[in-house]
Amino acid sequence: MSDALTPTPDVPAEAWAGVHRGPLREGEWVRLTDQKGRRHNFELVAGKMFFSNKGHLAHDDMIGREEGFTINSSAGGQYLVFRPLLSEFVVSMPRGAAVIYPKDSAQIVSSADVFPGSIVVEAGAGSGSLSCTLLRAVGPFGKVISFERREEFLDVARKNVTQYFGGEHPNWDLRLGDLAEELPKLEHKVDRVILDMLAPWECVDAVGEALVPGGIICVYVATTTQLSRVVETLRAHGGFTEPHAWESLVRDWHVEGLAVRPDHKMIGHTAFLVTARRMAPGERPPVKKRRPAPGAYGPDYTGPRPADLPAAVFEESADS
Ligand SMILES: C[S@@+](CC[C@H](N)C(=O)[O-])C[C@H]1O[C@@H](n2cnc3c(N)ncnc32)[C@H](O)[C@@H]1O
């Protein structure tokens, strides 16, 4: 693996992006979409056949052609043929753990301000979906260090990322271990830390030590209980700015003549995102002018509490 900020010589441009141009080659993955929108991803192998409920077609009839064509199977089925995009690859690749979907990885890159040349830590690597997106975003001058505590998931992540980029990514450092234990051993500070794990609050102290002043922590959590605990832990730490929490909803639209309406189906929930910036050593964010609602941290609240709260927030809520 190369050092961050040092370009690796003799690395072909496509190794950084995982995007290939020119005619389809043996060993590359293609994505076939049938007339009902069903998708099939597979590796092109000379002499091999693709079978479906509409007969078969030969890989040899695709190898050597420019992607973006329609091909007919032996029983009259029509298939659209392209190389898979990253957003298509990550939702169809083999999974160990649940993956971060493209709508959220796009939010992560933008809200955590992952920039070319940045040094980014990620945990857990899971199936390697976010790793692929981060590696693209940091580019040839950056570095992604991914921690994963389960060996079987680490193997899945390595396989998926290697498949996507067509070989081992030069700027990817995949490490086995628990982030809270391994991060303090890192040789240098990092610009961004992205957490997708069950108990991210357990890693907040280690992340606080690892981040450069101004660095960003971004946390992806699936449930409201996790959301509350991680936000309150960040507040209680004292060395981060006020956490920002949100979710993104993406709704497809049906557009056909006069029938223009939202799709009936959508993915209603994936996860919540939280970001906060690391203050300089010894610095604290300004005291908030807007105080928490009375009772916000009342007797029923059992999580971490920020310092310096007014007495009213510990009382029974007026609504209870
Ligand atoms: C939901 S998966 C991550 C999926 C990944 N972001 C992706 O897009 O493919 C969560 C992973 O975090 C790992 N994990 C949980 N706690 C961890 C920790 N403290 N340190 C390292 N890995 C951890 C789990 O083993 C699991 O593989």
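View 1. Helix H8 (residues 224-237) lies across S11, S12 and S15 and runs at about 5° to S15. Angles run from 0 to 180 degrees between N-to-C directions, with axes fitted to C-alpha atoms, for helices over the stretch in contact; contact denotes C-beta atoms, placed from the backbone, within 7 Å. Helices (H or I, at least four residues) and strands (E, at least two) are DSSP runs numbered from the N terminus. The model is predicted: local features need pLDDT of at least 70 and side-chain atom pairs count only at pLDDT 80 or more, whereas totals for chains, interfaces and linings use all residues. Residues are numbered from 1 along each chain as its sequence is written.

**View 2. The open sheet of seven strands.** The strand order is S9-S8-S7-S10-S11-S15-S12, with mixed pairing; two strands pair if DSSP finds at least two bridges between them. Strand S9 (172-176) and strand S12 (244-246) are the edge strands, each pairing on one side only. Neighbouring strands are turned by 15° against each other on average, direction ignored.

**View 3. The S12 and S15 pair.** S12 pairs with strand S15 (residues 272-277) in the antiparallel sense over three bridges. Trp-246 stands opposite Leu-273 in S15.

**View 4. The largest nonpolar core.** This core has 58 residues, and Val-207 and Ile-217 have the most contacts inside it. Strand S11 (residues 211-221) gives the most to the core, with seven residues. Such a core joins buried Ala, Val, Leu, Ile, Met, Phe, Trp, Tyr and Cys residues through C-beta atoms within 7 Å; buried means 20 or more other C-beta atoms within 10 Å of the residue's own.

Definitions and conventions. Buried ≥ 20, exposed ≤ 12 C-beta atoms within 10 Å, placed from the backbone. Contact = placed C-beta atoms within 7 Å.
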